[in-house]
Amino acid sequence: MARPPLTLAALATAAVPGLEVRAVRVHTRNGNGSYDAVRLRSSDDRELLIRVPRDQSAETEQSADLLALHALTEGVRAMLPFELAEYVGQAPVDGTRGVVTTFVPGLGRSADELTGADAIAESVGVAIAAVHNLPTGFIGEAGLPRRTPAEVREEVVALIGRATDTGHLPAALLRRWEEATDDESLWRFQPTVVNGALGADSFLVLEDTVTGLVGWSELGQGDPAIDLHWLLTARGGSAERALETYLIAREGGADPHIPQRALLYGELELARWLLHGVELRDEATIADAVSMLDGLVESVHDRSSEPLSPETGPILTVGDVERMLDHTPQLDAQRDPAGAMLTDSYDFSALRRRLDEDDTDASMTAPIPLDLSDWGDAAPAGAPDREDGETERTVPDERTVPGERLTPGGPGDPQGGDAVQDGDGVQDAVQDGDDTAEASAERSADDQARRNSASS
């Protein structure tokens, strides 16, 4: 039974010594019925609000909210672009308590209204980003929850498991959610300060500006995507604008997979609604949750729902690859000449720059093909003759005796010169073509004189 406004006003005077109430007005938001609330105006023109919880769940939420408001010190509040309620006093009543706080001006809006125009959507994005940009130190000092990515992921897995145990979770959604929780890359994020219970009814708005946020019972450190889940399921035309503004305001602090996780959290709200109905054994709530889950299955099958897995990276063009290679640091270590053209050791960016420089040379011509069929077949010096009777190839040169092979100390090398071992050694074998021809002629004349002398 709702408590009369005057009763709550009297309770407020007991909670705040010296308070004189000049006007009283019933205060309701969304008609959820969890609190009896009255808006007060004091004799010194202060706007106050007193709330009394109606059930144990609301009382627990109110206690957590008070703890969070105490943790949000004056220095922390100064970093936020909106107002927060301040604790003023409390008084016991009927086994619970009435809590008095300052009143934050503003009106509630639905999710579709908060994303219905660019101006208000941008204000929403800036407000959420401001919370996530807060330093996390005060969270630990106040003893508030701090969750790592692994812990966040385990909580999601546990929630999916409980929903599966009800027997009402469609197999298609179970498979979709399990694939998301199995994806390691999806859960690489930097924990931030989070409201934890943020929804469309958390915002207070005047015209197109967010003036305040209410409901801080889940304040802690965790996944920032949890505060965005309602935004990705909103149907306003500027929902994407709100997300874009949020990402810009985070100044690079948001991970690339935050939209996928936010969408997952939004879908898991249906699982929470199902579990709520099962716990209360409320068949109407269970039927409503099952109907919404079936609708989600249809949107997944017809691909009107976005995928939860991270999207594939952009395909690189040739120009992109070349620019990437240009910015790749070069190795200082000496490369193996034999593997200089292997893809893991060759500096393609240097080649590209060289080619760009050579393109400016007007005298550049195409390479002339060489016939190397007669090169490299000569056996090394001192090698045995072939057993198949095939004669060895000679190295044709106009300055050597046709058909004669140059070997160390042989008839064609009176000076004991270098032998021709392969095609690259031709110039080493021929030291002086004219001197060799004259020396050969002189030896032939001397040999002939000795033979004539021996005959006589």
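A: Gladly, and let's begin with the nonpolar core. The largest one has 68 residues, and F138, W177, F203, W216, L219 and W230 touch the most other members. Helix 11 supplies the largest share of this core, 10 residues. Another core lies apart from it, with 15 residues, including A15, L48, V52 and V100. This is a predicted model, in which local features need pLDDT of at least 70 and side-chain atom pairs count only at pLDDT 80 or more, while totals for chains, interfaces and linings use all residues. Residues are numbered from 1 along each chain as its sequence is written, and side-chain values use heavy atoms, with hydrogens and water left out.

Q: What makes a set of residues a nonpolar core?
A: A nonpolar core is a set of buried Ala, Val, Leu, Ile, Met, Phe, Trp, Tyr and Cys residues joined through side-chain atoms within 4.5 Å.

Q: Why does F203 count as buried?
A: Buried means under 20% relative accessible area, exposed over 50%, and partly exposed in between (1.4 Å probe, protein chains only). F203 has 0% relative accessibility, so F203 counts as buried. W230, at 5%, is buried too.

Q: Why is the pair of F203 and W230 called tilted?
A: Rings of Phe, Tyr and Trp (its six-membered ring) pair if their centres lie within 6.5 Å; planes under 30 degrees apart count as stacked, over 60 as edge-to-face and the rest as tilted. Here the centres are 5.4 Å apart and the planes make 55 degrees, so the pair falls in the tilted class. The structure holds one aromatic pair.

Q: What makes R241 and E122 a salt bridge?
A: The definition asks for a side-chain nitrogen of Lys or Arg within 4 Å of a carboxyl oxygen of Asp or Glu. For R241 and E122 the closest N and O atoms are 2.9 Å apart, so the pair qualifies. This bridge links distant parts of the chain, with R241 in helix 10 (residues 239–249) and E122 in helix 5 (residues 118–132), 119 residues apart. The structure holds 16 salt bridges, and R3, D36, R54 and D94 are linked in a network of them.

Q: Why does R241 count as partly exposed?
A: The relative accessibility of R241 is 30%, so R241 counts as partly exposed. E122, at 27%, is partly exposed as well.

Q: How do you know that R241 also forms a salt bridge with E244?
A: Their closest N and O atoms are 3.4 Å apart, so this pair meets the cut-off too. R241 and E244 are three residues apart in helix 10, so about one helical turn separates them. E244 has a relative accessible area of 40% and is partly exposed.

Q: What makes strand 1 and strand 4 edge strands?
A: Five strands form an open sheet in the order 1-2-3-5-4, with antiparallel pairing. Strand 1 (21–26) and strand 4 (87–93) each have a single partner strand, so one side of each is left without a neighbour in the sheet. From one strand to the next, the twist averages 25 degrees.

Q: How do you know that strand 1 and strand 2 pair?
A: Two strands pair if DSSP finds at least two bridges between them. Five bridges join strand 1 to strand 2 (residues 35–42), so these strands pair, and they run antiparallel. R25 stands opposite R39 in strand 2.

Q: Why does T285 count as buried?
A: T285 has a relative accessible area of 8%, so T285 falls in the buried class. T285 is located in helix 12 (residues 283–301). Not counting residues up to four places away in sequence, T285 touches W273, H276 and G277, where contact means heavy atoms within 4.5 Å.

Technical notes. Helix = DSSP H or I, 4+ residues; strand = E, 2+ residues; numbered from the N terminus. Axes fitted to C-alpha atoms, helices over the stretch in contact; angles between N-to-C directions.
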